[in-house]
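Open the model in your viewer and keep the selection tool ready. Each stop below says what to pick and what is there.

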Amino acid sequence: MIIDSHVHIFPDKIADKAVASVRDFYDLAMSYDGRLETILTEGAKAGVDKFLILSVATAADQVTGINNFLAKCVHEHSDKLIGFCAMHPDFEDPETEIKRAEELGLKGIKLHPDFQRFEIDSEKAMRIYKAAAGKMPILFHTGDFRTEWSSPSRMAKIAEMFPDLDVIASHFGGWSEWDEAARVYKTKNVYVDSSSSLYSMSPEEARIMIDVFGADHVFFGTDFPMWDIPTELERFSKLPLTDEEREMIFHKNIENLLAKYEK
């Protein structure tokens, strides 16, 4: 069983524009078009069984529509998809929307401080963290050497402030800031994924990062549509892991985390 725990999808009518925006922001070529049909088709070809789908609300008024879209996708492909809802720190009533998202079958929250232009530890985001603590995990984009919004240090601060909040600090805890990520996280409510990281690391360096967080706190992710799925699987296959660790990272860890919130 393989679960890709970091997949961005967009409605067909805006997918091309959204993917171009991500491409321009990171100055990285995109491997796919960001459509649901593409991840289902190409992921299946590569041997991926399930996908954790996300989408970022770059403005507060996008939150409700995005969550309706994600919930519809999950409902139509419940055997293949796990959905995390969108949220924005300027959204007027996060408590009610998080409860609604839960009722829609969405299992967590996605925040991207660099796209949404807020500091992870900013006061205006605290309401989201309080609403989510003990109810569902939050998956954060973390790390960008060009900004301070999503720095690993800010993420670590929130993990310490909210011990009942499970945080997924994507990209091994801090894209492009992996040295800082390896230093600052001290609490056990921090999980990480491998997305947008393996291209920049040797297998031995990735193994070190896995040891920093613990093999039971790491998820496999591709960051679709950015990276080629077979290539990401090939990179992962080169990591010096035991068979048990591989199974944990491929699916057991994310399953265990989400099982904590099943009612």
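Select β1 (3–8), α1 (12–26) and α3 (63–76): each supplies at least two residues of the lining of the largest pocket. Bear in mind that this is a predicted model. Which element gives the most to that lining? Colour α1, which leads with 6 residues.

Now show the pocket itself. The largest pocket has a volume of about 620 Å³. Its lining has 28 residues, and F10, A18, V22, V56 and T58 are the closest to the centre. Then colour the whole lining by class: 15 residues are nonpolar, 11 are polar and 2 are charged.

Next, move to D27, in the loop between α1 and α2. Check its backbone. Phi of D27 is near 55°, a positive value in a residue other than glycine. Most residues other than glycine have a negative phi.

Go on to helix α2 (residues 36–46) and pick K45 and E42. The two lie 3 residues apart in this helix, about one turn. Their side chains meet in a salt bridge, at 3.3 Å from N to O. How many salt bridges are there by this rule? The count comes to 20.

Jump to P225, in the loop between β8 (218–219) and α10. Is the peptide bond from F224 to P225 cis or trans? The bond is cis, with omega near 10°. Most peptide bonds are trans.

Last stop: select helix α10 (residues 229–237) and helix α11 (residues 243–259). Two packed helices are described by the angle between their axes and the distance between the axes. Here α10 and α11 pack at about 150°, with their axes 12 Å apart. Angles over 145 degrees count as roughly antiparallel, and α10 and α11 are therefore roughly antiparallel to each other.

Zoom in on the contact. From α10, show L233, F236 and S237; from α11, show R246, I249 and F250, which they meet. By class, the residues of this contact divide into 4 nonpolar, 1 polar and 1 charged.

Notes. Residues numbered from 1 in each chain as written. Predicted model: local features only at pLDDT ≥ 70, side-chain atom pairs only at ≥ 80, totals over all residues. Heavy atoms only, no water. Axes fitted to C-alpha atoms, helices over the stretch in contact; angles between N-to-C directions. Helix = DSSP H or I, 4+ residues; strand = E, 2+ residues; numbered from the N terminus. Parallel < 35°, antiparallel > 145°, perpendicular 65-115°, else oblique. Contact = heavy atoms within 4.5 Å. Nonpolar A, V, L, I, M, F, W, Y, C, P; charged D, E, K, R; others polar. 1 Å grid on protein atoms, 1.4 Å probe; cavity = no way out; pocket = protein on both sides within 12 Å on 5 of 7 lines; lining within 4 Å. Points joined across faces, edges and corners; volume = space filled by probe spheres on them. Salt bridge = Lys/Arg side-chain N within 4 Å of Asp/Glu carboxyl O.
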